[in-house]
Amino acid sequence: MIIYLSMIDNQVDRDKFEFIYDNYRYTMLYAARGELRDEYLAEDAVQEAFIAIAKNISYISIKDCNKLRRLVVIITKNKAVDIIRKREIRILMWRETHTS
């Protein structure tokens, strides 16, 4: 978490990030596992989601827990989909270079 916190300038936003991290990291991992069906890739997606959250923490409100939960799950699922797309592109590129 120290790496994420180093990305954030002020203490109020650091506190918000810590709240999100402490309360939603397992929810985020569950969502990523559902998309990716792979523990290691799910952890990568959650890491990417936390980076995105840290970069945009000043725009995120923690007052409404339902909205916050939906937001972090959407961010996580989008990062998981990005990972799937990257893997599909790599597979297609490999097939193109290894099949003639």
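Colleague: How much space lies in the largest pocket?
Modeller: About 210 Å³. This is a predicted model, in which local features need pLDDT of at least 70 and side-chain atom pairs count only at pLDDT 80 or more, while totals for chains, interfaces and linings use all residues. Residues are numbered from 1 along each chain as its sequence is written, and side-chain values use heavy atoms, with hydrogens and water left out. A pocket here is an open set of points on a 1 Å grid over the protein atoms alone, where a 1.4 Å probe fits, with protein on both sides within 12 Å along at least five of seven lines.

Colleague: Which residues line the largest pocket?
Modeller: Among them are Met1, Tyr4, Tyr21, Arg25, Leu29, Glu43 and Phe50; a lining residue has an atom within 4 Å of a point. The elements giving two or more residues to this lining are α1, α2 and α3. Helices are DSSP runs (H or I, at least four residues), numbered from the N terminus.

Colleague: Where does α2 bend?
Modeller: Helix α2, residues 11–36, bends by about 60° at Tyr24. The bend is the angle between axes fitted to the seven residues ending there and the seven starting there. Tyr24 is also one of the buried residues of α2, buried being under 20% relative accessible area and exposed over 50%, with a 1.4 Å probe and protein chains only.

Colleague: And what covers the buried residues of α2?
Modeller: The cover includes α1 (2–6), α3 (39–55) and α4 (65–98).

Colleague: On to Thr76: buried or exposed?
Modeller: Thr76, found in helix α4, is buried, because its relative accessible area is 0%. Leaving aside neighbours within four places in sequence, Thr76 is in contact (heavy atoms within 4.5 Å) with Met28, Ala32, Ala45, Val46 and Ala49. Met28 and Ala32 are among the buried residues of α2, while Ala45, Val46 and Ala49 are buried in α3.

Colleague: What caps the N-terminal end of α3?
Modeller: Asp38 does, with a side-chain oxygen 3.0 Å from the backbone nitrogen of Tyr40. Helix α3 has 17 residues and reaches 25 Å from its first C-alpha to its last, close to the 24 Å expected at 1.5 Å a residue; the expected span is 1.5 Å times one less than the number of residues.

Colleague: Last one: what is the phi of Arg37?
Modeller: Arg37 has a positive phi of about 55°, although it is not a glycine. Arg37 sits in the loop between α2 and α3 and is exposed, with a relative accessible area of 67%.

Terms used: A polar contact is a pair of N or O atoms within 3.5 Å; within protein, one must be able to donate a hydrogen and the other to accept it, and residues adjacent in sequence count only if both atoms are side-chain atoms. Grid points are joined across faces, edges and corners, and a volume is the space filled by probe spheres set on the points.
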